[in-house]
Amino acid sequence: IAGQHGVYLIECEGITAFGNTTQNCPLSAFKLQLENYAGQMALAEPRLHLHGFSYTGNTVRNCLDGLAVISTSLSDGTDQKVFGLVVSGNTIESVTQDGMVLNHCVNANIGVNTINGAARCGINFRNSSGKFSSNTILKTGSSGVYISAYDDVELNDNTLVDVGLN
């Protein structure tokens, strides 16, 4: 669908996305957003702590972002967070922004993914904590992995080739 995401979820938990292929999507192949537009919540009582989100074994080609988990603070300054995010075994190719953009994730496990061709970052990990293991990131316009973290980020056995500016 022109101008849309492949899969777009707002304030959902207990989601497993496995074995999907998304191609030629003008926005994110898969997006989990923790707030809707204009700062309004999708639910009358917003969930502050979401659990059980797994994105494994998927293939993305020619999209804006491969996987996006997006959150901002609520009007009172409280952050919504995704706990225990698992992103594993995915192949992301030729994205026009970030292979993955992950925001406000706690104890994320990002491993054995291949990102080949991201105009900006291979993995953009913001305000989050977690572990990156055995990822292969090739040909990025900016950083292979960009991390702006709370704390507790572990990087092990990753391969970065032809990554851009940083």
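Gly 14 lies in the loop that joins strand E1 (7-10) to strand E2 (15-18), strands being DSSP runs of E with at least two residues, numbered from the N terminus. The model is a predicted one, in which local features need pLDDT of at least 70 and side-chain atom pairs count only at pLDDT 80 or more, while totals for chains, interfaces and linings use all residues. Residues are numbered from 1 along each chain as its sequence is written, and side-chain values use heavy atoms, with hydrogens and water left out.

With a relative accessible area of 58%, Gly 14 is exposed (over 50%; buried is under 20%, and partly exposed in between, with a 1.4 Å probe and protein chains only). When residues up to four places away in sequence are not counted, Gly 14 touches His 51 and Gly 52, a contact being heavy atoms within 4.5 Å. Although Gly 14 and His 51 are 37 residues apart along the chain, their C-alpha atoms are separated by 6.3 Å.

The parallel pairing of E5 with strand E9 (residues 81-83) extends over 3 bridges, and His 49 stands opposite Lys 81 in E9.

In the chain there are 0 helices and 19 strands, helices being DSSP runs of H or I with at least four residues. Of the 166 residues, 45% are buried.

How values were computed. Two strands pair if DSSP finds at least two bridges between them.
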